[in-house]
Amino acid sequence: MRRKLVAGNWKMHKNLTESQALITEIRGIVRDEFRKSQAEIVVCPTALALASAAKLVEGTDVQIGAQNIHEAIEGAFTGEWSAQMLSSISVTHAIIGHSERRQYFNETSKQCSLKIKSAVSEGITSLYCVGETLEERESEKHFEVIEDQLNEGLEGITADEMSNVVIAYEPVWAIGTGKTASSDQAQEVHAFIRAQVEKKYGKAISDTIRILYGGSVKPGNAGELFSQADIDGGLIGGASLKARDFFEIIQAAV
Ligand code: PGA
(Lines give C-alpha, C1' and ligand atoms only; values in the text may rest on other atoms or scores of the structure.)
Protein backbone atom coordinates (compact mmCIF):
# COMPACT_ATOMS: atom_id res chain seq x y z
CA MET A 1 0.00 0.00 0.00
CA ARG A 2 1.37 3.36 -0.99
CA ARG A 3 0.66 6.12 1.50
CA LYS A 4 -0.73 9.09 -0.32
CA LEU A 5 1.11 12.40 -0.22
CA VAL A 6 -0.31 15.87 -0.65
CA ALA A 7 2.12 18.75 -1.10
CA GLY A 8 1.28 22.45 -1.29
CA ASN A 9 3.39 24.57 -3.62
CA TRP A 10 3.01 28.17 -2.54
CA LYS A 11 5.17 29.45 -5.42
CA MET A 12 6.11 33.13 -4.92
CA HIS A 13 3.20 33.93 -2.62
CA LYS A 14 3.04 35.09 1.02
CA ASN A 15 5.60 37.22 2.83
CA LEU A 16 7.15 35.96 6.04
CA THR A 17 4.36 37.10 8.35
CA GLU A 18 1.67 35.76 6.03
CA SER A 19 3.54 32.47 5.66
CA GLN A 20 3.79 32.05 9.41
CA ALA A 21 0.07 32.77 9.75
CA LEU A 22 -0.89 30.23 7.08
CA ILE A 23 1.42 27.53 8.48
CA THR A 24 -0.04 28.13 11.93
CA GLU A 25 -3.56 27.81 10.54
CA ILE A 26 -2.75 24.58 8.65
CA ARG A 27 -0.98 23.20 11.72
CA GLY A 28 -4.05 23.88 13.84
CA ILE A 29 -6.48 22.19 11.47
CA VAL A 30 -4.17 19.20 11.10
CA ARG A 31 -3.79 18.91 14.88
CA ASP A 32 -7.56 18.98 15.44
CA GLU A 33 -8.88 17.03 12.46
CA PHE A 34 -6.17 14.94 10.86
CA ARG A 35 -6.35 11.17 11.10
CA LYS A 36 -3.04 9.36 10.90
CA SER A 37 -4.15 7.06 8.13
CA GLN A 38 -4.52 10.05 5.85
CA ALA A 39 -1.94 11.37 3.48
CA GLU A 40 1.52 12.57 4.26
CA ILE A 41 1.46 16.37 4.27
CA VAL A 42 4.15 18.67 2.86
CA VAL A 43 4.02 22.45 2.59
CA CYS A 44 6.46 24.29 0.32
CA PRO A 45 6.62 28.02 1.14
CA THR A 46 9.12 30.48 -0.36
CA ALA A 47 12.79 30.10 0.58
CA LEU A 48 12.42 33.13 2.81
CA ALA A 49 9.94 31.35 5.09
CA LEU A 50 11.48 27.86 5.17
CA ALA A 51 13.43 28.11 8.42
CA SER A 52 10.59 29.57 10.40
CA ALA A 53 8.01 27.23 8.84
CA ALA A 54 10.15 24.23 9.79
CA LYS A 55 10.24 25.44 13.39
CA LEU A 56 6.49 26.00 13.45
CA VAL A 57 5.73 22.43 12.37
CA GLU A 58 8.17 20.69 14.72
CA GLY A 59 6.47 17.69 16.33
CA THR A 60 3.40 17.88 14.04
CA ASP A 61 2.27 15.85 11.02
CA VAL A 62 3.20 18.66 8.64
CA GLN A 63 6.54 18.56 6.82
CA ILE A 64 8.27 21.38 4.98
CA GLY A 65 9.63 21.33 1.44
CA ALA A 66 11.62 23.79 -0.67
CA GLN A 67 10.57 24.76 -4.19
CA ASN A 68 14.05 24.34 -5.63
CA ILE A 69 17.65 23.55 -4.70
CA HIS A 70 21.04 24.03 -6.29
CA GLU A 71 22.92 20.85 -7.16
CA ALA A 72 26.20 21.86 -5.47
CA ILE A 73 26.84 21.61 -1.74
CA GLU A 74 28.16 25.17 -1.57
CA GLY A 75 30.03 27.65 -3.74
CA ALA A 76 29.87 30.86 -5.74
CA PHE A 77 26.26 30.52 -6.90
CA THR A 78 24.63 33.83 -6.07
CA GLY A 79 20.97 33.54 -5.20
CA GLU A 80 20.97 29.79 -4.62
CA TRP A 81 20.87 27.35 -1.68
CA SER A 82 21.89 23.76 -1.25
CA ALA A 83 20.31 20.53 -0.04
CA GLN A 84 22.74 20.53 2.87
CA MET A 85 21.54 23.97 3.94
CA LEU A 86 17.94 22.81 3.73
CA SER A 87 18.52 19.71 5.81
CA SER A 88 20.28 21.84 8.44
CA ILE A 89 16.97 23.64 9.01
CA SER A 90 14.89 20.42 8.97
CA VAL A 91 13.45 20.82 5.49
CA THR A 92 12.57 17.28 4.38
CA HIS A 93 11.38 17.67 0.77
CA ALA A 94 12.21 19.65 -2.36
CA ILE A 95 10.28 20.21 -5.56
CA ILE A 96 12.64 19.62 -8.48
CA GLY A 97 12.06 20.57 -12.10
CA HIS A 98 8.71 22.33 -11.73
CA SER A 99 7.55 23.45 -15.17
CA GLU A 100 7.87 27.10 -14.10
CA ARG A 101 11.55 26.47 -13.29
CA ARG A 102 11.95 24.79 -16.67
CA GLN A 103 10.13 27.58 -18.49
CA TYR A 104 11.42 30.73 -16.78
CA PHE A 105 14.81 29.59 -15.44
CA ASN A 106 15.79 27.25 -18.26
CA GLU A 107 16.15 24.23 -16.01
CA THR A 108 16.79 21.04 -17.90
CA SER A 109 16.04 17.45 -16.95
CA LYS A 110 19.80 16.75 -16.91
CA GLN A 111 20.27 19.47 -14.31
CA CYS A 112 17.34 18.03 -12.37
CA SER A 113 19.13 14.69 -12.10
CA LEU A 114 22.04 16.45 -10.36
CA LYS A 115 19.62 18.23 -8.06
CA ILE A 116 17.86 14.98 -7.19
CA LYS A 117 21.24 13.34 -6.52
CA SER A 118 22.20 16.17 -4.23
CA ALA A 119 18.82 16.11 -2.42
CA VAL A 120 18.88 12.35 -1.80
CA SER A 121 22.45 12.53 -0.51
CA GLU A 122 21.08 14.77 2.26
CA GLY A 123 18.05 12.56 2.88
CA ILE A 124 15.72 15.10 1.28
CA THR A 125 12.86 13.62 -0.71
CA SER A 126 12.65 15.00 -4.24
CA LEU A 127 9.28 15.74 -5.79
CA TYR A 128 10.40 15.48 -9.40
CA CYS A 129 7.98 17.18 -11.80
CA VAL A 130 7.33 16.05 -15.35
CA GLY A 131 4.62 17.01 -17.80
CA GLU A 132 3.86 18.11 -21.34
CA THR A 133 2.82 21.47 -22.75
CA LEU A 134 -0.49 21.95 -24.54
CA GLU A 135 1.27 21.91 -27.89
CA GLU A 136 3.00 18.64 -27.05
CA ARG A 137 -0.28 17.06 -25.96
CA GLU A 138 -2.10 18.27 -29.06
CA SER A 139 0.57 16.81 -31.30
CA GLU A 140 0.39 13.58 -29.26
CA LYS A 141 3.99 13.80 -28.14
CA HIS A 142 3.21 13.70 -24.44
CA PHE A 143 4.38 10.16 -23.75
CA GLU A 144 7.62 10.80 -25.58
CA VAL A 145 8.23 14.06 -23.70
CA ILE A 146 7.56 12.45 -20.34
CA GLU A 147 9.73 9.45 -21.15
CA ASP A 148 12.64 11.80 -21.94
CA GLN A 149 12.07 13.82 -18.77
CA LEU A 150 12.13 10.60 -16.74
CA ASN A 151 15.18 9.13 -18.46
CA GLU A 152 17.22 12.32 -18.17
CA GLY A 153 15.95 13.44 -14.78
CA LEU A 154 16.57 10.07 -13.13
CA GLU A 155 19.89 9.43 -14.81
CA GLY A 156 22.42 8.21 -12.26
CA ILE A 157 19.79 7.81 -9.54
CA THR A 158 20.22 4.36 -8.03
CA ALA A 159 17.48 1.96 -6.99
CA ASP A 160 18.25 2.68 -3.33
CA GLU A 161 18.01 6.41 -3.90
CA MET A 162 14.60 6.00 -5.52
CA SER A 163 13.09 5.51 -2.07
CA ASN A 164 13.66 9.25 -1.67
CA VAL A 165 12.04 10.18 -4.96
CA VAL A 166 8.41 11.02 -5.65
CA ILE A 167 7.29 11.86 -9.18
CA ALA A 168 4.71 14.55 -9.90
CA TYR A 169 2.86 14.53 -13.21
CA GLU A 170 1.87 18.10 -13.96
CA PRO A 171 0.53 18.76 -17.44
CA VAL A 172 1.66 22.33 -18.09
CA TRP A 173 -1.70 23.18 -19.68
CA ALA A 174 -3.46 22.35 -16.42
CA ILE A 175 -1.30 24.44 -14.09
CA GLY A 176 -3.05 27.53 -12.78
CA THR A 177 -5.50 27.41 -15.68
CA GLY A 178 -8.49 25.88 -13.95
CA LYS A 179 -8.31 23.12 -16.60
CA THR A 180 -7.68 19.79 -14.89
CA ALA A 181 -6.70 16.69 -16.77
CA SER A 182 -9.65 14.31 -16.61
CA SER A 183 -9.11 11.48 -14.19
CA ASP A 184 -8.80 9.10 -17.16
CA GLN A 185 -6.21 11.28 -18.86
CA ALA A 186 -4.23 11.58 -15.64
CA GLN A 187 -4.49 7.86 -14.82
CA GLU A 188 -3.27 6.97 -18.32
CA VAL A 189 -0.11 9.03 -17.88
CA HIS A 190 0.44 7.86 -14.29
CA ALA A 191 0.28 4.22 -15.42
CA PHE A 192 2.76 5.08 -18.18
CA ILE A 193 5.13 6.70 -15.66
CA ARG A 194 4.90 3.67 -13.36
CA ALA A 195 5.68 1.39 -16.31
CA GLN A 196 8.74 3.49 -17.14
CA VAL A 197 9.93 3.23 -13.55
CA GLU A 198 9.40 -0.52 -13.69
CA LYS A 199 11.46 -0.76 -16.87
CA LYS A 200 14.34 1.08 -15.26
CA TYR A 201 14.18 -0.11 -11.65
CA GLY A 202 11.97 -3.20 -11.51
CA LYS A 203 8.59 -4.00 -10.08
CA ALA A 204 9.32 -3.63 -6.37
CA ILE A 205 10.26 0.02 -6.86
CA SER A 206 7.54 0.81 -9.37
CA ASP A 207 4.97 -0.64 -6.96
CA THR A 208 6.10 1.59 -4.11
CA ILE A 209 7.03 4.86 -5.81
CA ARG A 210 4.46 7.58 -5.35
CA ILE A 211 3.24 9.49 -8.39
CA LEU A 212 1.37 12.71 -7.64
CA TYR A 213 -0.93 14.60 -9.95
CA GLY A 214 -0.71 18.40 -10.15
CA GLY A 215 -2.64 20.99 -12.13
CA SER A 216 -5.74 22.80 -10.88
CA VAL A 217 -6.50 20.28 -8.13
CA LYS A 218 -9.32 21.61 -5.96
CA PRO A 219 -11.43 20.18 -3.12
CA GLY A 220 -14.13 19.40 -5.72
CA ASN A 221 -12.00 17.26 -8.04
CA ALA A 222 -9.37 15.82 -5.69
CA GLY A 223 -11.41 12.78 -4.63
CA GLU A 224 -11.95 11.52 -8.14
CA LEU A 225 -8.34 12.07 -9.16
CA PHE A 226 -6.93 10.44 -6.02
CA SER A 227 -9.16 7.39 -6.40
CA GLN A 228 -7.38 6.38 -9.63
CA ALA A 229 -5.20 3.30 -9.30
CA ASP A 230 -1.90 5.04 -10.03
CA ILE A 231 -2.52 8.48 -8.53
CA ASP A 232 -0.91 8.66 -5.11
CA GLY A 233 -1.78 12.20 -4.10
CA GLY A 234 -1.27 15.69 -5.44
CA LEU A 235 0.97 18.69 -5.83
CA ILE A 236 -1.33 21.61 -5.18
CA GLY A 237 -0.67 25.21 -6.21
CA GLY A 238 -3.46 27.78 -5.89
CA ALA A 239 -5.71 25.75 -3.60
CA SER A 240 -2.87 25.20 -1.11
CA LEU A 241 -2.90 28.90 -0.22
CA LYS A 242 -6.21 28.47 1.61
CA ALA A 243 -5.84 26.30 4.71
CA ARG A 244 -9.36 24.88 4.57
CA ASP A 245 -9.20 24.01 0.85
CA PHE A 246 -5.79 22.44 1.29
CA PHE A 247 -7.04 20.35 4.19
CA GLU A 248 -10.11 19.23 2.23
CA ILE A 249 -7.76 18.01 -0.49
CA ILE A 250 -5.73 16.14 2.12
CA GLN A 251 -8.93 14.54 3.37
CA ALA A 252 -9.74 13.42 -0.15
CA ALA A 253 -6.53 11.40 -0.14
CA VAL A 254 -7.50 8.56 2.18
P1 PGA B 1 -2.16 24.79 -9.56
O2 PGA B 1 -0.56 24.58 -9.57
O3 PGA B 1 -2.72 23.82 -8.56
O4 PGA B 1 -2.35 26.23 -9.16
O5 PGA B 1 -2.64 24.51 -10.94
C6 PGA B 1 0.00 23.31 -9.46
C7 PGA B 1 1.51 23.41 -9.48
O8 PGA B 1 2.05 24.24 -10.22
O9 PGA B 1 2.21 22.67 -8.77
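Trainee: Where does lysine 14 lie?
Mentor: Lysine 14 lies in the loop between strand S1 (5–9) and helix H1 (16–33), with helices (H or I, at least four residues) and strands (E, at least two) taken as DSSP runs and numbered from the N terminus. Please keep in mind that this is a predicted model, in which local features need pLDDT of at least 70 and side-chain atom pairs count only at pLDDT 80 or more, while totals for chains, interfaces and linings use all residues. Residues are numbered from 1 along each chain as its sequence is written, and side-chain values use heavy atoms, with hydrogens and water left out.

Trainee: OK, and what phi does lysine 14 have?
Mentor: Lysine 14 has a positive phi of about 80 degrees, although it is not a glycine. As background, most residues other than glycine have a negative phi.

Trainee: Is lysine 14 buried, partly exposed or exposed?
Mentor: Lysine 14 counts as partly exposed because its relative accessibility is 32%; buried means under 20% relative accessible area, exposed over 50%, and partly exposed in between (1.4 Å probe, protein chains only).

Trainee: What about the phi of serine 90?
Mentor: Serine 90 is not a glycine either, and its phi is positive at about 65 degrees. Serine 90 is placed in the loop between helix H3 (83–88) and S4, and with a relative accessible area of 46% it is partly exposed.

Trainee: Switching to the ligand, how many residues surround it, and which are the closest?
Mentor: The ligand is surrounded by 13 residues, the closest being Lys11, His98, Glu170, Gly176 and Ser216; a residue is near a molecule if one of its heavy atoms lies within 4 Å of it. By class, this shell has four nonpolar, seven polar and two charged residues. In that scheme Ala, Val, Leu, Ile, Met, Phe, Trp, Tyr, Cys and Pro count as nonpolar, Asp, Glu, Lys and Arg as charged, and the others, Gly among them, as polar.

Trainee: Which atom of histidine 98 lies 2.7 Å from a ligand oxygen?
Mentor: That is a polar side-chain atom of histidine 98. A polar contact is a pair of N or O atoms within 3.5 Å; within protein, one must be able to donate a hydrogen and the other to accept it, and residues adjacent in sequence count only if both atoms are side-chain atoms. On the backbone side, a polar atom of glycine 237 is 2.9 Å from an oxygen atom of the ligand, and a backbone N or O atom of glycine 238 also lies 2.9 Å from a ligand oxygen. The protein covers 96% of the 280 Å² of accessible area that the ligand has on its own, with areas from the Shrake-Rupley method and a 1.4 Å probe; for residues, only the protein chains shown count as cover.

Trainee: Back to histidine 98, where is its place?
Mentor: Histidine 98 is in the loop between S4 and helix H4 (99–104), and its relative accessible area of 4% makes it buried. A polar atom of its side chain is 2.9 Å from the backbone nitrogen of glutamate 100. Leaving aside neighbours within four places in sequence, histidine 98 is in contact (heavy atoms within 4.5 Å) with Asn9, Lys11, Cys129, Glu170 and Ile175.

Trainee: And how many salt bridges does the structure hold?
Mentor: There are 13 salt bridges in the structure, each defined as a side-chain nitrogen of Lys or Arg within 4 Å of a carboxyl oxygen of Asp or Glu. Glutamate 107 forms one with arginine 101, the closest N and O atoms being 3.0 Å apart, and another with lysine 115, again at 3.0 Å, N to O. Glutamate 107 and arginine 101 are both buried, and lysine 115 is buried too.

Trainee: What about arginine 194 and aspartate 230?
Mentor: Their side chains meet in a salt bridge at 2.5 Å, N to O. Arginine 194 lies in helix H8 (residues 183–201) and aspartate 230 in the loop between helix H10 (219–226) and strand S8 (233–236), so the pair ties together parts that are 36 residues apart in sequence. Arginine 194 is buried at a relative accessible area of 7%, and aspartate 230 counts as buried at 12%. Salt bridges with shared partners join Arg2, Arg194, Asp230 and Asp232 into one network.
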